[in-house]
Amino acid sequence: VIAMGITAFRQARLWRDSIPLFTHTLEVTSANPVMHATLGSAYVREHSQYSEALYHYRKALAIQPHYERAQKNLASTLFLAKQYPEAIEQFEVFFAMDPIDAEARFHYATARTEQNQLAQAISQYDLVLRLNPENNPKVSTHQVYNRLAWALDKSGRPDEAISYLHRAVTEDPAYADGWVNLGNMLSRQGRLGEAFRAYQLAIEKVPDHINAHFTLAKMFMQIGPPPKAMHHFKRTIELDPQHAEAWFNLGNLYSQAGKPYEAITAYEEAIKITPVHSQAETNLAWQYMRVDRSDAALEHFAKAHELQRHDPTPLNGWAWVLATDEHPKIRDPHKAIEKAEMADALTRHRDPVVLDTLSAAYASAGRFDQAIPTAQLALAYAAEQADDDLVARVLGHIKLYRQNKPYIELGLQKKATGAPQP
C-alpha cells in the first residue's frame, strides 16, 4: 500500500503540467496522432510555444494525413505565429476536409488581409457571414464586421468600412474595439466630432481600454486641449507601462509645455521600451540642449543618426551643437561642417534651417566668406516660406558674420528654443 501511494504521488508531480503528461504518454505509446495533436494544443494553450506545437501537429499528420483537428490546428498555429503564407496554404488543405468551418475561414480571411490579398479576404469574410457565425462561439458577427471593415479600408473603400463598423457596434454596443476602430476611420475622414464620441463610448463600455485612451489622447493632441491629451496618455501608461508611443507623445506634450526635465524622463522611458526609436532619440537630444546638457545632446543626436541615416534632423541638431555651443570643449567647427553638409545634401540644399546651421558651422570655423552667402540663401528660402521668426534669426546671424563673429548660443537661448529643426 505504501509503495502504491509513493507511485501515485510521483505521477501526480510528473503530471501537474499537462505537457509532461502528454509527453510521457507518447513515450509509452507509438504512432499516436491524437496525442501528438493534443500535445501541440497544450504547447499553444499553456506556453504559446508555436514551434513545438507545429512539430507535433506535423507528426500527427504524418501518421494520419486526413486528421481534421490536427490540420486545422496546424493552420491556426501558423496564423498565430504570423507565418501567413504557409497558414493560407494549410487552411486550404483543411477546407478540402471541412469547407464550412467559420472559425477557420475567419482566420484564413485575416491571413489574406495581412498579405494584402484584399479581394480574396473580403470574399472570405462575406462567406463567413453566410456561414452564420453566431452559431459558432469562437467567431462572432461583430468581429467579422470589424475585420471586413479593416479589409475594405485597406482596399480604399472607407465609406463601406465605416458602414460595417457601424454594424459591428450595433450588433454589440459593448464592443469597445469596434468603437475605437470606428473612431480611427472617422478621424481620418476629418469627422472629429463623431470620432470623439466613438472613443468616449469605447471608454464608457470598457473603462480600462488601453487603445481607446491612447487614440483619444492623440485626438486631444491634435485638436486640444493639451491637458486632456496628457491625462489620457498618462492613463494609457498606467494601464500599460510598456506603451512606448504613449511615453513618446507624453514627452512631446511636456516639451511643448516647456517642461524639459519631464520630457527627458518620458523620452528615456520610450527608448528603454523601444531602443530603436530614432525620433525619441532626436527629441531627447533637443531637451538635453534646453537644460544645458550639450554633451548628452550630442550623444543622442549621434544615436538618432545611427538609427536613421537618411534623416537630416539629427544631423542638423548635431551640427548646431558642435558649431554654436557656448562651451569651447563642446565646439568642433570642422565636425560641425561635416555634419551640416551631410544634412544639406539630404535636403537638396533647399532647407532654410539646415542652411542656417551650415552657415553657423562655416562661421564657427572662421570661414565667413562661405557663411554669409549660405545664410543669405537660408534667408531667401525662409522668406519664401513666410517664416518670420526664422527670417529674423538668420538676419541676426548675417549681421554677426559681417563683423567676422560666429554665432554662439548661450544657455538661456538654448532653454528658450532648443535645437533648430528642419
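Student: Let's start with Tyr401. Leaving aside neighbours within four places in sequence, which residues is Tyr401 in contact with?

Tutor: Keep in mind that this is a predicted model. In it, Tyr401 touches Ser359, Ala360, Ala363, Phe368, Ala371, Ile372, Ala375, Pro406 and Tyr407, once neighbours within four places in sequence are set aside. Take Phe368: its C-alpha atom is 6.0 Å from that of Tyr401, although 33 residues separate the two along the chain. Tyr401 itself sits in helix α23, which covers residues 388-402.

Student: Is Tyr401 buried or exposed?

Tutor: Look at the relative accessibility. Buried means under 20%, so Tyr401, at 0%, counts as buried. Beyond residues up to four places away in sequence, Thr215 touches Val180, Asn184 and Tyr199.

Student: How do I read a nonpolar core?

Tutor: Here's the general idea: in soluble globular proteins, nonpolar side chains tend to be buried together. In this model, the largest nonpolar core has 100 residues, and Tyr125, Phe233, Phe301 and Tyr401 have the most contacts inside it. Pick Phe233 and skip its neighbours within four places in sequence: its contacts are Phe214, Ala217, Lys218, Met221, Ala246, Asn249, Leu250 and Leu253. There's also a second, separate core of 24 residues, with Ala70, Phe91, Ala104 and Ala111 among them.

Student: And pockets? What is the volume of the largest pocket, and which residues lie nearest its centre?

Tutor: Rolling a probe the size of a water molecule over the atoms shows where empty space is left. Here the largest pocket has a volume of about 230 Å³. Its lining has 13 residues, and Asn73, Ser76, Thr77, Leu80 and Glu103 lie nearest the centre. Helices α3 (33-47), α5 (68-80) and α7 (102-114) each give at least two lining residues, with the largest share, six residues, coming from α5. By type, the lining splits into four nonpolar, five polar and four charged residues.

Student: Last one: where is the pLDDT below 50?

Tutor: Start with the whole chain: the average pLDDT is 90, and 90% of the residues score at least 70. Residues 1-16 are where the pLDDT falls below 50, and that stretch has six contacts in the model beyond near neighbours in sequence. Where pLDDT is low, the predicted coordinates should not be read in detail.

Methods: Residues are numbered from 1 along each chain as its sequence is written. This is a predicted model: local features need pLDDT of at least 70, side-chain atom pairs count only at pLDDT 80 or more; totals for chains, interfaces and linings use all residues. Side-chain values use heavy atoms; hydrogens and water are left out. A nonpolar core is a set of buried Ala, Val, Leu, Ile, Met, Phe, Trp, Tyr and Cys residues joined through side-chain atoms within 4.5 Å. Buried means under 20% relative accessible area, exposed over 50%, partly exposed in between (1.4 Å probe, protein chains only). Contact means heavy atoms within 4.5 Å. pLDDT is the predictor's confidence in each residue, from 0 to 100. Helices (H or I, at least four residues) and strands (E, at least two) are DSSP runs, numbered from the N terminus. On a 1 Å grid over the protein atoms alone, a cavity is a set of points where a 1.4 Å probe fits but cannot get out, and a pocket is an open set with protein on both sides within 12 Å along at least five of seven lines; lining residues have an atom within 4 Å of a point. Grid points are joined across faces, edges and corners, and a volume is the space filled by probe spheres set on the points. Ala, Val, Leu, Ile, Met, Phe, Trp, Tyr, Cys and Pro count as nonpolar, Asp, Glu, Lys and Arg as charged, and the others, Gly among them, as polar.
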